[in-house]
Amino acid sequence: MYSEKMSVPVNKDGHTLCHQGSENRHQKIRRRLSRITSSKKLGRGKAIAVFTSGGDSQGMNAAVRAVVRMAITCGSKAYLIKEGYQGMVDGGDNIVEAGWEDVSGILQLGGTVIGSARCQEFRERSGRLKAAYNLVSKGITNICAIGGDGSLTGANKFREEWPSLLQDLVNEGKIDEEQKLKYSHLNIVGLVGSIDNDFCGTDMTIGADSALHRIVECVDCILTTAHSHQRAFVLEVMGRHCGYLALVTGLACGADWIFIPEDPPGDDWQEKMCTKLENARSWGNRLNVVIVAEGAINRKGERITSEDVKNVIKTKLKLDTRITVLGHVQRGGAPSAFDRVLATRMGAEATLALLEATPSTPAYVVSLDGNQAIRVPLMKCVQTTQAVQKAMDNLNFEEAANLRGRTFMGNLDIYKKLGAITKSNEHVDNMTKKPYNIAIMNVGAPASGMNAAVRSAVRTCLFAGFSSIVIHNGFEGLEKGMIEKYSWPDVANWVGEGGSKLGTKRTLPMECNMDNIAKQIKENSVHGIICIGGFEAFHGVLQLAELREKYEELCIPYVVIPATLSNNVPGSDLCIGCDTALNTVTETCDRIKMSASGTKRRTFVVETMGGYCGYLATMAGLAAGADAAYINEEHFTIKDLQKNITHLKSKMIRKTQRGLVLRNEKASENFTTDFIYHLYAEEGKGVFDCRANVLGHMQQGGVPSPFDRNFATKTAAKAAFWIAQQIQEHVNENGKVECRSEESATLLGMRKRTMEFQPIQRLKEETNFDKRTPVSQWWLNIRPLLRLMAHYVDDTSSYEAESATEVFQQ
C-alpha cells in the first residue's frame with residue numbers, strides 16, 4: 001500500500017561530537033558572515049535596481065528590503081524602481097537610489113511600498129528603449145524583478161534585447177560608444193511574488209502562505225456562524241489557473257468538497273457532492289463547507305461558479321446556503337513569518353546572483369527547494385508553468401496536475417483519501433475488516449496541529465480498514481488504561497483546534513510502571529502506535545523499542561510524528577507546531593516594535609521558548625527584523641553584548657529609533673533575560689531605555705496555522721499508511737504482530753523536501769540528549785542573514801573570504 005525510502009544517518013561520536021560541533025558551527029557562522037562582509041569588492045562600481053510588477057503579494061516588501069540591504073553590504077549602489085515597468089519607462093523620480101534606512105520599517109507591511117502597475121508601453125520596443133536609456137543613465141545593469149511569470153518573462157525579453165537597444169540609443173545619439181561598451185549586458189534575476197503559488201520551479205511563491213492565513217482566518221470565522229444556524233457555506237477563493245489555495249484550504253479547514261481547475265469533477269458531481277454533504281450531516285455535523293477556486297471548471301472546460309454550487313445545494317438538499325467571495329482580502333494584511341523569512345532569503349540570494357553574473361550567465365529565478373534557496377534558469381520554469389495552462393486548455397487535467405509538482409499531487413491525494421469514507425462504508429463487514437488496532441497518542445508539551453494530526457491518523461486508519469483507538473494523557477494514560485476506540489465522526493472539526501484534545505504529558509515510559517504499560521498494550525490489543533509529540537515522543541518510543549527483548553508486548557511497530565514548537569526533534573527539519581508559534585512570536589514582536597516606535601529610543605528584550613534549541617528565536621528575529629537573537633547554539637560573551645549595545649546606541653541617533661533583541665529561554669545559564677535587560681538599561685542610559693518581555697505559554701496556544709494544519713494532515717496520513725503496512729507484513733502464522741527490527745520503530749521527518757522514515761535507534765547518534773536537540777541543525781546556516789539585515793558587518797573582517805555563493809547553502 002505504501003512504501004518510503006528508509007534513511008540511514010551517518011554515524012557520529014555522541015557527546016564529544018556535540019561539543020566539537022557547537023564550536024565548529026560558531027566558527028562557520030562567523031566565516032559565512034565574513035564572506036559577505038569581504039564581498040564588498042564583488043559589488044564595487046555596480047548598481048542593482050529592484051522593482052515589483054503585476055499583482056501584489058504579501059512579502060514583496062521584505063524582498064525589496066533584503067535586496068537593498070544586501071546590495072549595500074556588498075558595496076554596490078541600490079535603486080528602487082517605483083510603479084513597476086511603468087516607472088522604468090517613465091524614469092525620473094521613479095528610479096531613486098536607496099539607503100539602508102529607506103527600507104526600514106517595511107518588513108511587516110503587506111502589498112508593495114514601491115508600487116506596481118501594468119504597463120502597455122513596455123510591451124512595445126519603443127517603451128523598452130526608453131527603459132534602457134533610463135537605466136543606463138543611472139548606471140544600472142543589474143535588475144531584480146519581483147512578480148509573476150508574465151513580469152519575469154518580460155524581464156527576460158528585455159535582457160535579450162539589451163545589446164540591440166543600446167545600439168539604437170547610440171544611433172539616436174543618446175549614449176556614446178563608451179557607455180555602450182561599459183553597460184554592454186543586462187543581468188536579470190527574478191523572485192516569484194504570487195499568492196496563487198502557480199509558478200513551477202519553486203516549492204512556494206512569496207505571498208502564498210500569507211494568503212492562506214487570510215483565507216483560513218475567514219473560514220474559521222464563517223464556521224462559527226454556519227454552526228450556529230446549521231448553514232452550508234460556499235467560499236470562493238482566488239486561483240484563476242491554479243487550485244493550490246483552494247486545495248490547501250480544503251485540507252486545512254476540513255472542507256466537505258473542493259473545486260479546482262487541475263482536477264475537475266465528473267459529470268455527476270452534483271449528485272456526489274450532495275451525497276457527501278448529506279453524509280456529513282448524518283454524523284451530526286451542523287454545517288457544510290465547500291471551497292471553490294475562482295477558475296474551477298468541469299471536465300469539458302466549462303466554468304463552475306459559486307452560484308452554480310449554491311443552487312445545487314439549495315435545490316437538492318434544501319439547505320440554507322450562503323456564498324462568501326473572499327476577493328482581494330486574500331492579498332491584504334501583514335505577511336506571515338514564513339513569507340518574511342522566505343522573501344528575505346530569496347532577496348539576499350538574488351543580489352548575490354546578480355553580482356556574480358557574467359555576460360554568459362542566463363537569467364535566473366531564485367526558488368525554494370526544501371529548505372534551500374537555489375537558482376534555477378528562469379525560462380525553463382516559465383515554460384513549465386505555461387505547459388500547465390496548455391495541458392488544461394487541451395483538457396489534459398492529469399498532466400496539468402502532475403506538472404504542478406509532487407507537493408501539489410501529495411495534497412490532492414491526501415484530500416481524496418480523507419474524504420473517501422462515508423457512513424455507509426465505515427462500518428464494513430467484520431469478515432472483511434482487518435482485526436487490528438492502531439493506537440494514536442500525544443506526548444510532550446502541547447503543539448498547535450496535534451489535533452489535526454490525530455484527526456488525519458484516525459481517519460486514515462479507518463480508510464485502510466483498521467480499527468482506530470486513542471490513548472489519553474500520553475504514556476501515563478497508557479499505563480492507566482485510558483484508551484478508547486474512535487470512529488470517523490469522533491474527530492470531526494478537530495483540524496482547526498489548538499492544544500491537544502487527547503491530553504499530553506511529558507512523562508517517559510521508564511518513569512512509569514513498564515509492567516502496566518505492557519499489560520495495557522496486550523489487554524487492549526494494540527498492534528501499532530502512532531506517537532505525535534516532541535522530544536519526549538522521540539525519547540519515549542526509543543525506550544519502548546529498546547525494551548522489546550524484555551517485553552514481548554512491545555514487539556509492535558511504532559512511528560513518531562514530530563510535533564513541538566521548539567523544533568528540536570532529531571530526524572526532521574521542521575516539526576508540527578513550530579510555524580504557529582513562530583507566527584505568534586513574530587506578531588507579538590510587531591506590536592512591541594510599534595510600542596518602541598511610539599515612545600522612541602526604546603529597546604525591548606524578548607524571551608522566547610524553545611528549550612536549548614534557538615530555532616524560534618532565530619527565525620522570529622529574522623521575520624520581525626530584530627537587532628540580535630541570543631541562542632545556546634551560538635556562544636556569546638559579555639563582549640558580544642557590549643557590541644550589541646554599541647550598535648543600538650548608534651542606531652538611536654539615526655532614523656530608526658527602536659531596538660528589538662530576542663533571547664532563547666536557555667541561551668545562557670548566566671546571561672539571563674533579566675541580566676541582559678539590566679545591562680542594556682544601565683549601559684543605554686541617556687541614549688535609550690529598555691523593557692523586558694517573557695512571552696511564556698502564549699507561544700503554545702492559538703489555532704494552528706495553515707502550514708501546521710496541512711503538514712500535520714499529510715504527515716499523519718503517511719504515518720498511518722506506513723504502520724498499517726508494517727502490521728500486515730509482520731503478522732506471524734498465529735495471527736500475531738511481531739516486529740523486532742530497528743526499521744519497525746521509526747520517526748517520520750522532513751529532510752529538505754523529502755519525508756523519510758528513519759529508525760529511531762539510529763537517530764540516537766544524531767542526538768544531544770543532554771540538551772535535547774539534534775547535533776546538526778540546518779537553520780543555523782542562515783543566522784548570518786539576521787545580523788546582516790540588522791547591519792552587523794563590522795566585526796568579522798579578520799576572516800578569510802570565500803565564494804559568496806556558499807554563504808547561504810544549506
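1. Strand β12 (residues 437-443) and strand β13 (residues 467-471) run parallel and are joined by 5 bridges. Strands here are DSSP E runs of at least two residues, helices are H or I runs of at least four, and both are numbered from the N terminus. Two strands count as paired if DSSP finds at least two bridges between them.

2. This is a predicted model, in which local features need pLDDT of at least 70 and side-chain atom pairs count only at pLDDT 80 or more, while totals for chains, interfaces and linings use all residues. Residues are numbered from 1 along each chain as its sequence is written, and side-chain values use heavy atoms, with hydrogens and water left out.

3. β12 and β13 belong to an open sheet of 7 strands with mixed pairing, in the order β14-β13-β12-β15-β16-β21-β22. β14 (483-486) and β22 are the edge strands; each has a single partner, so one side of each lacks a neighbour in the sheet. Neighbouring strands are turned by 25° against each other on average, direction ignored. Axes are lines fitted to C-alpha atoms, for helices over the stretch in contact, and angles run from 0 to 180 degrees between N-to-C directions.

4. Look next at the β21 end. Strand β21 (residues 745-751) runs antiparallel to β22, with 6 bridges between them. The two form a hairpin with 2 residues between them, and K752 in the turn has a positive phi of about 60°. L747 stands opposite Q758 in β22. In strand β22 (residues 754-759), 5 of the 6 residues are buried (under 20% relative accessible area; exposed is over 50%, partly exposed in between; 1.4 Å probe, protein chains only).

5. Another open sheet has 7 strands in the order β3-β2-β1-β4-β5-β10-β11, again with mixed pairing. β3 (95-97) and β11 (372-377) are at its edges with a single partner strand each, so one side of each is left without a neighbour in the sheet. The twist averages 25° from one strand to the next. Helix α5 (residues 125-138) packs on this sheet, touching β2 (77-81), β3 and β4 (142-147). Contact means heavy atoms within 4.5 Å. Helix α12 (residues 337-356) lies across β1 (47-52), β4, β5, β10 and β11, and runs at about 170° to β5.

6. Which residues touch the most other members of the largest nonpolar core? They are F259, M273, V309, I313 and I530, in a core of 171 residues. α12 gives the most to this core, with 11 residues. A second, separate core has 39 residues, including V136, L166, I175 and V192. Such a core is a set of buried Ala, Val, Leu, Ile, Met, Phe, Trp, Tyr and Cys residues joined through side-chain atoms within 4.5 Å.

7. In α17 (residues 450-463), 13 of the 14 residues are buried, so the helix is largely enclosed by the rest of the structure. G465 follows α17 and has a positive phi, near 90°. Helix α23 (residues 638-652) has buried residues L641, N644, I645, H647, L648, K651 and M652. Seen down the axis, these fall within an arc of 160°, so they line one face of α23. The arc is that of the directions from the helix axis to the C-beta atoms. Their cover includes β17 (602-608), β18 (628-630), β19 (658-664), α24 (673-683) and α27 (783-789).
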